[in-house]
Amino acid sequence: MKKALIFGVSGQDGAYLARLLLEKGYQVTGTSRDAQMTSFRNLAALGVRDRVALFSVTLTDFRSVLTVLTKVVPDEIYHLAGQSSVGLSFEQPVETFHSISLGTLNLLEAVRFLNAPVRLYNASSSDCFGDTGGEPATEETPFAPRSPYAVAKAAAHFEVANYREAYNLFACNGILFNHESPLRPTRFVTRKIVAAACRIAKGSGERLRLGNIDVARDWGYAPQYVEAMWRMLQQDAPEDYVIATGQTITLRDFTAHAFDAVGLDWRDHVDVDPSLFRPSDIAVSRANPSKAAQRLGWRATLSPADVARAMVAHEMGQPQPEKTAP
């Protein structure tokens, strides 16, 4: 039985990944900053809360990281922890940088120190690319981060690449484009839209306030994306991969799809609020995930429009799409 250690198991990706690995027969351990106080509601929602061993770990504390690695002795490590909101990073840039870049460095150094044959996945981000002028980003596209979150993720990405080259670690970066699910908290705009659309359809009478609805993103389905994470660590050699649907739509269109799924015209219920615009933002985010298709045999099967409809279906208590990708 393989042993997997998931840093950040309480989040959206951590919960879906834990379920996937349990289905594959892994012994799964997860971490949170305070395992005694964290509700792990996402694990509970997926029905796996009691099947995951849990530890309290602070990634910015090297001793804490080293201790859990020594106790668990994992075959695979999935690093999904750290501040995960682009918007919040503008308000908390120092905390964002510490939690992401220093946390990743501590983890890499602990793995190097123990000199164990472990395989490591790091959650990189499409935000690192910044504005590519509308061109689809590949693994070779230069980084040009435009938020404190993206700066921190770029630093962590290069830390992983450096340790892979300098110390021969099996370490991969998954450069994941936006991926959503019903487990997203409502501070993320996609879930905010879906939740509001469903409440309005039930007669709440509220109006939804959004920022820049002209931004365009490649939105995928998180339960499928964790399969790509796992596949990266099953390869003969460690490499970095762009994970995305290859399709981009505007936030305006995502909103339209969500409201259409509940039989409403979004224009009757949505207000654009300039106070919600970010200090700097990426206008259009596009991806070319062909390497993942060729090397990993992975393709997203749900488009951004499908994701909007799937999230609405869940919110309304309707059946869900398949969680895995071919």
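**Close-up views of a parallel sheet and its helices**

View 1. The model is predicted: local features need pLDDT of at least 70, and side-chain atom pairs count only at pLDDT 80 or more, whereas totals for chains, interfaces and linings use all residues. Residues are numbered from 1 along each chain as its sequence is written, and side-chain values use heavy atoms, with hydrogens and water left out. Helices (H or I, at least four residues) and strands (E, at least two) are DSSP runs, numbered from the N terminus. Strand β3 covers residues 53-56 and runs parallel to β2, to which 4 bridges join it. Two strands are said to pair if DSSP finds at least two bridges between them. S32 has S56 as its bridge partner in β3.

**View 2. Strands β1 and β2 lie in parallel pairing.** Strand β1 (residues 3-7) is linked to β2 over 5 bridges. L5 stands opposite T29 in β2, and F7 stands opposite T31 in β2. Strand β1 is also joined by 4 bridges to strand β4 (residues 76-79), again in parallel; in β4, I77 is the bridge partner of L5. Strands of a sheet pair through backbone hydrogen bonds, either parallel or antiparallel.

View 3. A residue is called buried under 20% relative accessible area, exposed over 50%, and partly exposed in between (1.4 Å probe, protein chains only). In β2 (residues 27-32), 5 of the 6 residues are buried, so this strand is largely enclosed by the rest of the structure. In β1, 4 of the 5 residues are buried, so β1 is likewise largely enclosed by the rest of the structure. Together with helix α1 (residues 12-23), β1 and β2 make a right-handed β-α-β unit. Right-handed means that, with the strands pointing away from the viewer, the path from the first strand over the helix to the second runs clockwise.

View 4. Contact means heavy atoms within 4.5 Å.

**View 5. Helix α9 (residues 251-260) has the buried residues L251, F254, T255, A258 and F259.** Seen down the axis of α9, these buried residues fall within an arc of 130°, so they line one face of the helix. The arc is that of the directions from the helix axis to the C-beta atoms. They pack against α7 (189-201), β8 (208-210), β12 (249-250), β13 (270-272) and α11 (304-315).
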